[in-house]
Amino acid sequence: MGLYRTDAIVLGHRNIGEADRILTLFSPVKGKIHAVARGVRRPRNHLLGGTQLFTYSNFLIMESRNLDNISQCEIKESFHKIRANLEHMAYGLYFAEMLRASTPIEDKNQELFRFFLKTLYFLQEWGDLELLSRIYEIKLMAIQGFAPEIFHCVSCGEKLSGKMRFSPALGGVLCAQCLKKDTKAVDVSREAVAALRIFIKKPYRELISLDLQENVKKQLKNALYPFILHHLDRKLKTIEFIDDINCLKVQTGMTGGK
Ligand SMILES: [Zn+2]
């Protein structure tokens, strides 16, 4: 047991006792870890800034038999723009929950760390957050080793043509001949499948100005969300928060985060 230093992003936190806070951190060298910031909720505590959600810091951590202790932290990027906007915050929580649910404790994955950090930078600037969510979902699943089959039929392996459906359970697109292989498969148009392909292939910066038709976006949501739930094998609590915010937007006539 000893001291170690690591960069990490705060994925979640929970207050305990009078002044402590347990953090779920995501580190490029340690993966997902839990650590406690003791006394952090007391006035003028030097750790407070670094324990806020999504903050990216360099931490000095003391190993302990039970829960590691945070001794110091130096903020590299606070991502305050995400926390300052309810809609951005809701999507940030959704992204973090999906990451936590798909990552075991102390499973180091530098590619996943770089991807999540990049996602937070883009989340601050992105206009259509529903579209960003679809891109994040498929990229995350691909990095975690669950990329859906979207180039050939997931059942027979033939080239896709004609009517297609997406099967969350089988993990990909079914061709016209195989539609019956999964009665719960959802309709996807040629445009929706083309969108999935570019989400996988292209980096965020080339997708930020992408404009898709509403019906295509709806199909992508209907396909990807059940696909993720199938792999995570649990419901995501934050999705209700996002639905509530989207309902509120419709009721109040808000037009999105642009
Ligand atoms: Zn087929």
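User: Helices (H or I, at least four residues) and strands (E, at least two) are DSSP runs, numbered from the N terminus. How much of residues 1-79 is helix, and how much strand?

Analyst: Residues 1-79 are 0% helix and 58% strand, with the end C-alpha atoms 32 Å apart. This is a predicted model, in which local features need pLDDT of at least 70 and side-chain atom pairs pLDDT 80 or more, while totals for chains, interfaces and linings use all residues. Residues are numbered from 1 along each chain as its sequence is written, and side-chain values use heavy atoms, without hydrogens or water.

User: What does UniProt list for residues 1-79?

Analyst: An unreviewed UniProt entry gives that range as "domain: DNA replication/recombination mediator RecO N-terminal". Such annotations may be inferred rather than shown by experiment.

User: Switching to the metal. What coordinates the zinc ion?

Analyst: Cys153, Cys156, Cys175 and Cys178 do, each through SG, at 2.3 Å. Donors are N, O and S atoms within 2.8 Å of the metal (3.2 Å for Na, K and Ca). Along the chain their spacing is C-x2-C-x18-C-x2-C.

User: And what geometry does the site have?

Analyst: The zinc site is tetrahedral, with angles of 107 to 112 degrees among its four donor atoms. The rule for four donors is that all angles lie between 85 and 135 degrees.

User: Is Cys153 buried or exposed?

Analyst: Cys153 is buried, at 3% relative accessible area, whereas Cys156 is partly exposed at 37%. Buried means under 20%, exposed over 50%, and partly exposed in between, using a 1.4 Å probe and protein chains only.

User: Now H4. How many of its residues are buried?

Analyst: In H4, 13 of the 15 residues are buried. Just after H4, Gly145 has a positive phi of about 90 degrees.

User: How many aromatic pairs are there?

Analyst: Twelve. Rings of Phe, Tyr and Trp (its six-membered ring) pair if their centres lie within 6.5 Å; planes under 30 degrees apart count as stacked, over 60 as edge-to-face and the rest as tilted. One of the pairs is Tyr56 with Phe113, tilted, at 5.9 Å centre to centre and 55 degrees between the planes.

User: Where do Tyr56 and Phe113 lie?

Analyst: Tyr56 is in strand E4 (residues 56-62) and Phe113 in helix H3 (residues 110-125), so the pair ties together parts 57 residues apart in sequence. Tyr56 is buried at 10% relative accessibility, and Phe113 is buried at 4%.

Key. Tetrahedral: all angles 85-135°; square planar, octahedral: opposite > 155°, others 65-115°.
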